[in-house]
Amino acid sequence: MTAAGIRFATAEDLPAVCAVVNHYIETTAANFRTEPQQPHEWLEQWERGHRTHPWLVAEVDGEVAGISYAFPWKARAAYAWTVECAVYLAPGQHGRGLGRALYERLFALLSEQGFHSVIAGVALPNPASEGLHRSLGFRQVGTFRENGYKMGSWRDVSYWQRPLAAHSGAPAPTAPAPTAPVPAAQEAVGAE
């Protein structure tokens with residue numbers, strides 16, 4: 001069994017992150033982009049977001065094996081306490097608990113920051129992703145029918161929501177994303 005570590009993503013991780021996500025862009029309908037991304041696009045996205053929303057990577061044998069990150073759900077101020085999340089695993093890394101571990105750590109950080117809920121979009125069909133989200137406390141809240149065309153077919157997208165914290169009254173502003181490693185973020189995850 002090889003141990004996998006979870007840590008904050010750095011700029012140096014982004015070419016590997018790009019390769020992981022490009023696998024899904026090029027070979028599946030799970031990501032609605034139709035052209036591979038370039039590392040500089042990931043750098044721009046990371047620069048815009050990692051100070052306010054956590055970006056985590058799972059590392060196995062010194063290689064990036066997965067990425068999970070959060071980003072604003074919508075730009076309008078009233079949405080400030082809701083985020084959208086994503087998780088992607090490198091080919092060959094499924095079934096080891098990495099996606100769950102990345103998400104669990106991400107949600108703990110978001111909760112500590114004061115976010116209220118997290119949204120996930122799942123391109124259908126994707127039973128594994130639906131099962132992961134359901135097992136982590138997400139509830140399916142809706143489905144957009146035929147709102148993307150990829151790989152020769154119209155695709156539905158289901159949206160899932162999970163509460164992060166119970167709030168009553170007006171929420172406080174969210175805190176910045178941590179930038180230094182947190183002990184829980186460095187925990188080893190069992191991997192085969």
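A crossing of two helices is right-handed if the near helix is turned clockwise from the far one by less than a right angle. With that in hand, let's work through some exercises on this predicted model.

**Exercise 1.** Describe how helix 1 and helix 2 pack, and name the residues involved.

*Solution.* Start with the geometry: the axes of helix 1 (residues 14-27) and helix 2 (residues 39-49) come within 8 Å and cross at roughly 110°. Angles of 65 to 115 degrees count as roughly perpendicular, and therefore that is the description for helix 1 and helix 2. Next, the hand: their crossing is right-handed. Then list the contact: helix 1 brings Leu 14, Pro 15, Val 17, Cys 18 and Val 21, while helix 2 brings Pro 39, Trp 42, Leu 43 and Trp 46. Finally, sort these by type: nine are nonpolar, with no polar and no charged residues.

**Exercise 2.** Find which residues of the largest nonpolar core touch the most other members, and which element supplies the largest share.

*Solution.* The core has 47 residues, and Ile 67 and Phe 107 touch the most other members. Several elements each supply at least two residues, among them strand 1 (2-8), strand 3 (63-72) and helix 3 (98-113). The largest share, eight residues, comes from helix 3. Now look around Phe 107: beyond four places in sequence, its contacts are Cys 85, Val 118, Leu 136, Phe 138, Arg 162 and Leu 164.

**Exercise 3.** Decide whether Ser 68 is buried or exposed.

*Solution.* First locate Ser 68, in strand 3. Buried means under 20% relative accessible area; Ser 68 has 0%, so it is buried. Its surroundings include Trp 55, Leu 56, Val 87 and Leu 106, which Ser 68 touches. The C-alpha atoms of Ser 68 and Trp 55 are separated by 6.0 Å, with the two residues 13 apart along the chain.

Methods. Residues numbered from 1 in each chain as written. Predicted model: local features only at pLDDT ≥ 70, side-chain atom pairs only at ≥ 80, totals over all residues. Heavy atoms only, no water. Axes fitted to C-alpha atoms, helices over the stretch in contact; angles between N-to-C directions. Helix = DSSP H or I, 4+ residues; strand = E, 2+ residues; numbered from the N terminus. Parallel < 35°, antiparallel > 145°, perpendicular 65-115°, else oblique. Contact = heavy atoms within 4.5 Å. Nonpolar A, V, L, I, M, F, W, Y, C, P; charged D, E, K, R; others polar. Core = buried A, V, L, I, M, F, W, Y, C linked by side-chain atoms within 4.5 Å. Buried < 20%, exposed > 50% of the residue type's maximum accessible area, 1.4 Å probe, protein only.
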